[in-house]
Amino acid sequence: MTVKHRYRKASQTHPEGGCWGWLSVVGLFLMTFFTKGSAVAHGIFFISFIDYFNESAANTSWILALMGSLTWMASPISAVFAKKYGARKVAMVGATVLFVSLVMSQFSTQIWHLIVTFGFLQGFSYGTVNPVVVANLAKYFKRRHPLASGLGFCGVGIGSLVLPPLFQFCIDTYGWRGALLVYAGMSANIFISAALIVSIKLPKLKNIDTPTPSEELDLQPYGFEDEGITEVDGEDTSIKESPLKSRQQISCSSICNKCCNVFNLTMVKKYPMYVLLTASQSIASVGIGVSLVHLAPLVQGIVISKSVMAKLLSINGIGILLGSPIFGFLLSHFQLNKILFMSTMYFLYAVTLVLLTFTSSPGPIIPLIFVVGLVRIGFAGQFNVSIRSTLPDSSFITGLGWALLLSSFGQLIGPIISGYLRDFTGSYDWSFYFAGILLTVCSLMLLIGNFLLKPNPSNPVQLEEHVSSV
């Protein structure tokens with residue numbers, strides 16, 4: 001069997017925008033508006049679920065904890081199906097599951113019904129759509145990737161600004177069941193994000209044969225290379241296999257090697273900075289999950305009124321809306337060290353969450369809620385960019401999928417631990433102290449690791465950032 005090996009320069013896989021590139025930014029905006037912009041707004045439903053079903057905070061937290069964790073846990077599964085069936089089809093299926101799950105949720109009569117529909121199914125749909133839309137943006141941008149990502153993640157800010165008061169208004173007017181039906185109709189706009197995912201063909205290069213379908217830019221250049229094809233500079237080689245050798249290769253070691261190649265597990269040995277960033281994000285996600293699920297009840301405990309609470313939560317959206325393009329521009333224009341940037345964002349987020357517990361009136365809450373949104377979009381909106389700075393382009397989507405998968409466990413246990421702390425202490429203050437400690441630890445991990453670990457030698461951008469920071 002003869003396998004042709006072709007090599008393409010990385011710069012030729014990034015057309016830097018174009019019509020479809022900026023339309024992909026629009027698709028990312030719509031996706032983040034609903035999947036991430038509703039993260040804090042879901043806390044309003046959390047309060048309604050506790051009041052209606054008269055359940056404990058720990059049991060009710062399973063709904064949003066499962067949804068948050070599956071949003072990331074389903075990412076590797078989505079990537080595998082995107083490789084086999086196409087990114088657009090996978091995104092369409094995810095958008096369909098989201099719509100159906102929200103419609104089914106309004107018929108819930110017990111808390112476990114919501115855990116299945118509003119938690120499991122909705123979280124799985126988010127995790128199906130999110131990685132393929134994010135990876136689709138990476139096809140069109142390299143140098144401007146932070147800026148494009150920042151503009152696309154403005155949807156988080158608009159969603160966080162609009163959805164909390166809208167959800168509260170719908171709940172007051174139609175009840176939480178009617179509010180879920182309205183939300184289902186709105187979420188159908190994610191079909192537009194899925195429709196904007198297209199495959200583009202690379203320009204032909206001299207002395208290179210006509211590209212095969214696997215060479216089209218879909219998800220393959222970011223971690224889904226064709227099996228058996230490696231990169232050799234301008235050379236064609238032949239692989240000859242004998243039946244005896246093929247039988248000998250069927251062993252435990254060959255199966256393990258096969259799994260490592262399929263899931264790209266060799267990244268653990270090759271890229272220590274990636275491992276550190278993934279580990280810190282996994283720990284930080286425990287504290288982030290606490291803030292996303294229980295920020296609404298914490299604020300309501302201070303201001304009492306649900307309508308005032310919803311308006312205060314919308315201020316979080318203003319911080320996100322401003323921070324998304326600002327951080328994207330700073331990282332893109334000044335080539336800031338992305339590891340130190342993530343470390344700073346974690347620390348500021350930890351301090352802000354702890355300060356929230358010392359407020360007793362709406363006045364001090366306003367600037368703190370604004371900073372929560374500003375900082376959260378800093379590390380959330382640029383996390384995929386930071387992951388990319390630690391890996392070569394060929395491993396980006398696989399590395400991002402594994403990072404999101406590991407972080408999903410933190411999103412699962414964080415709100416549940418917070419719920420038990422609330423039931424035991426009678427206050428959400430200790431939950432936010434717990435979150436602040438974890439985020440501070442993650443900040444120190446990245447700060448120390450940035451000066452101790454070597455940058456990725458195959459990534460010149462990271463080399464330049466490392467030199468400038470030292």
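**Note on the predicted model: patch, helices, aromatics and a loop residue**

1. V80 is partly exposed, because its relative accessible area is 46%, between the 20% and 50% cut-offs. This value, like the others here, comes from a predicted model. V80 lies in helix α4.

2. What does V80 form together with I77, F81, Y85 and F124? These five residues make a nonpolar patch on the surface. Together they have about 450 Å² of accessible area.

3. Which helix gives the most to the nonpolar patch? Helix α4, residues 75-85, does, with 4 residues.

4. Y85 has a further contact. The charged end of K84 sits over the ring of Y85. The distance to the ring centre is 5.6 Å.

5. Helix α6 covers residues 111-138, which makes 28 residues. At 1.5 Å a residue, α6 should span 40 Å. The C-alpha atoms at its ends are 39 Å apart, so the two values agree. Is α6 mostly covered or mostly open? Mostly covered: 22 of the 28 residues in α6 are buried.

6. Now the aromatic residues. How many aromatic pairs does a search of the whole structure find? The search gives 16. One of them joins W430 and Y433, and this pair is edge-to-face. Their ring centres lie 5.3 Å apart, with 85° between the planes. The pair counts as edge-to-face because 85° is over the 60 degree cut-off.

7. Where do W430 and Y433 lie? Both are in helix α19, residues 429-452. They are 3 residues apart, about one turn of the helix.

8. The two partners fall into separate accessibility classes. W430 has 52% relative accessibility, so W430 counts as exposed. Y433 has 23% relative accessibility, so Y433 counts as partly exposed. The cut-offs behind these labels are over 50% for exposed and under 20% for buried.

9. There is also an aromatic cluster. F45, F49, Y52, F53, F118, F167, W176 and Y183 form one such cluster.

10. N54 deserves a look at its backbone. N54 has a positive phi of about 55°, although N54 is not a glycine. Where is N54 found? It is in the loop between α2 (42-53) and α3 (57-73). Is N54 buried or exposed? N54 is exposed, because its relative accessible area is 69%.

How values were computed:
Residues numbered from 1 in each chain as written. Predicted model: local features only at pLDDT ≥ 70, side-chain atom pairs only at ≥ 80, totals over all residues. Heavy atoms only, no water. Patch = residues over 30% accessible without salt bridge, like charges linked within 9 Å, V, L, I, M, F, W, Y side chains within 5 Å. Areas by Shrake-Rupley, 256 points an atom, 1.4 Å probe, with all protein chains shown as cover. Salt bridge = Lys/Arg side-chain N within 4 Å of Asp/Glu carboxyl O. Helix = DSSP H or I, 4+ residues; strand = E, 2+ residues; numbered from the N terminus. Buried < 20%, exposed > 50% of the residue type's maximum accessible area, 1.4 Å probe, protein only. Expected span 1.5 Å × (residues − 1). Phe/Tyr/Trp six-rings, centres within 6.5 Å; stacked < 30°, edge-to-face > 60°. Lys NZ or Arg CZ within 6 Å of the ring centre and 35° of its normal.
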